[in-house]
Amino acid sequence: MAGELSGAALRRETAVRGASRHATAWLLLAPSCLALVLLFVVPIAYVLLLSVTDPRLSVAHYQRIFTVPVYTRVMVNTFVTSLIVTALCLVIGYPLAYVMARRAGWVSTLLLTVVAMSFWTGFLVRTYAWLVILGSKGPVAAAYGALGLGPAPQLLFSTFSSTLGMTHILLPYMVLALYAAMKKIDANHLKAAASLGARPAAAFREVFLPLSLPGVVNGSLLVFVTCLGFFVTPVLLGTPRDMMISQLINQQIEELLAFGFASAVAVVLLIATCAVLAIYNHYAGLDRLWG
Amino acid sequence: MLPVILAVLGALFLLAPILVVVPMSFSTAISFAFPPPGYWLGYYAKYFTSEEWLEPTLNSLVIAFGAMTLTMLLVVPAAFGYVRYRFRGKTLVNLLIMAPLIVPHVVSALAYYGFLGRAKLTGTLLGVMVAHGMLAVPVAFLVISATLKGFDQNLERAAMSSGAGPFRTFVHVTLPVLRPGMLVGALFAFLSSFNEAVVSIFIGGRGAVTLPKKMYESIRLESDPVIAVVSTLLVSAVVLGVLIAMSLRRRSTHAA
């Protein structure tokens, strides 16, 4: 009986402590959650609201986005450009990350330094650099002249320049995602493959490549999603003729003061982004992406 | 050998365009001509004497510092609450904390443009500070909660059982162990604000022009060559920072 009593007391005590532990957790989390709801979720909700109420209550903005050819083209163009940038980042980034992960010593240190440097250099610095390089008085135009190829074609303010700029800016994200996954691959797997008679190319294809796929998925997702909503580079290097979503939002606000329509476009972008992330979450879990 | 060649080419693709800004900053050209027709230090003199560029630089530093402080005040307790306790709705809380990372910046920028405009906070340092503070929450949270997950709580138990109270334990045991992680989290928050362009462009107005906003406008409107000087200074700061980080990392791995 004494045992039973102390058992009950113990249970009561843990229940009390459990409740107070709960309270502590919420006390610690309350400031950030409150701030995020008031100063982040509410502003976003305001965009949602404006998209169907400005200038009056209707879903006309959404109908326009999906029926007027100019706007459907913007959506398709954004999607296609993002896919191209992702593919380019993957093609350029994979060997870079591979060497960083597999080689020891100064080569990999040097490459890591370069990647880290470009990762931390602001978007505007890098976008400005491309303005110089592709400009009419830049090195590419000069090379055209020197090689006697005649006047260089107009490179700036085109889909080409904005794709190139975005690839350059997002490449470090891809490389770091790939590198993180490749670093986890146990070198003994490759040694085992080699000892079983696999040539390096076969060992790479059958062992390393499949094991690096999580990094490929993570990096591609990161680049693709960032690209969908990329602002600075398309606005500065791109052309209004082949607009991306963010350029459309900017144009609607800056030139036309059409907040309702701009909000609707933003909501479409937000939903597209969330859809892509939800698919990823379903198969892999978002925690893997942050981790 | 092929992978190494491809990797070096990839690295050159990353590096070369960034390095172009260095000779540009010494150029005498009034537009973006490369290679430069001649060299001088005139645009450095202009940068360091013109209000037009120094003010955005100062604004960016002030805003980044304020945003970092705000972020840390919110994130440090949140990380403790999140990592150390189990409670209902944890997934939802995680989603809320990560939300600023999930939502595209241009959408957040538009949201703050409308919301802060209503509160008459567009074009103020405070407005940009608050927006940047929110946007930096996920990055800082990821870094600090990762540090906290790696923290061995037996250290605290040992301190407590040796007679230290919760407060003394926290100040003398918990904090010193977590300090490097906290510093990295704070640095990331600072840089996230310092490099942020889209929200600043949308809500900075005339009163809170940050450096990225000023660079954006100078490219769009006037092609001011001083932008090459600013870029070179920013690249130099990054190079210095990365080299310091690499040498610290090397020292810590050697020690371990």
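Which helix of chain A is the place of Val91(A)? Select Val91(A) and you land in helix α3 of chain A. (Helices are DSSP runs of H or I with at least four residues, strands are runs of E with at least two, and both are numbered from the N terminus.)

Before you go on, some ground rules. This is a predicted model, where local features need pLDDT of at least 70, side-chain atom pairs count only at pLDDT 80 or more, and totals for chains, interfaces and linings use all residues. Residues are numbered from 1 along each chain as its sequence is written, while chains are lettered from A and ligands numbered from 1 in the order in which they are written.

**Stop 1: around Val91(A)**

Stay on Val91(A). Because it has 13 C-beta neighbours inside 10 Å, it counts as partly exposed.

**Stop 2: helix α7 of chain A**

Next, select residues 159-183 of chain A, which form α7(A). Look for a kink of about 40 degrees at Leu170(A), shortly before the proline Pro172(A). (A bend is the angle between axes fitted to the seven residues ending at a residue and the seven starting there.) The 25 residues of α7(A) should span 36 Å at 1.5 Å a residue, and the end C-alpha atoms are 35 Å apart, which agrees. (The expected span is 1.5 Å times one less than the number of residues.) Of those 25 residues, 20 are buried, so α7(A) is largely enclosed by the rest of the structure.

**Stop 3: the two domains of chain A**

Colour residues 1-53 of chain A as domain 1 and 60-290 as domain 2. (These bounds come from an automatic or database domain assignment.) Their C-alpha centres lie 39 Å apart. Four residues of domain 1 are in contact with seven of domain 2. (Contact means C-beta atoms, placed from the backbone, within 7 Å.)

**Stop 4: where the chains meet**

Show both chains. The contact takes 70 residues from chain A and 67 residues from chain B. On the chain A side, α1(A) gives the most, with 20 residues. That side divides into 52 nonpolar, 15 polar and three charged residues. (Ala, Val, Leu, Ile, Met, Phe, Trp, Tyr, Cys and Pro count as nonpolar, Asp, Glu, Lys and Arg as charged, and the others, Gly among them, as polar.)

**Stop 5: chain B**

What's left has twelve helices and zero strands, and its C-alpha atoms fill a box of roughly 70 × 55 × 35 Å along the principal axes. Buried residues make up 45% of the 256 residues in chain B.

Select 166-195 of chain B, helix α9, which bends by about 55 degrees at Arg179(B). A proline, Pro180(B), follows within four residues. Buried residues here include Leu178(B), Gly185(B) and Phe190(B). The buried residues of α9(B) pack against α3, α6, α7 and α11 of chain B.

**Last stop: confidence**

Colour chain B by pLDDT, the predictor's confidence in each residue from 0 to 100. The mean for chain B is 93, with 98% of its residues at 70 or more. The model scores ipTM 0.92 and pTM 0.91.

Definitions and conventions:
A residue is buried if 20 or more other C-beta atoms lie within 10 Å of its own, exposed if 12 or fewer, and partly exposed in between; C-beta atoms are placed from the backbone. Two residues are in contact if their C-beta atoms, placed from the backbone, lie within 7 Å.
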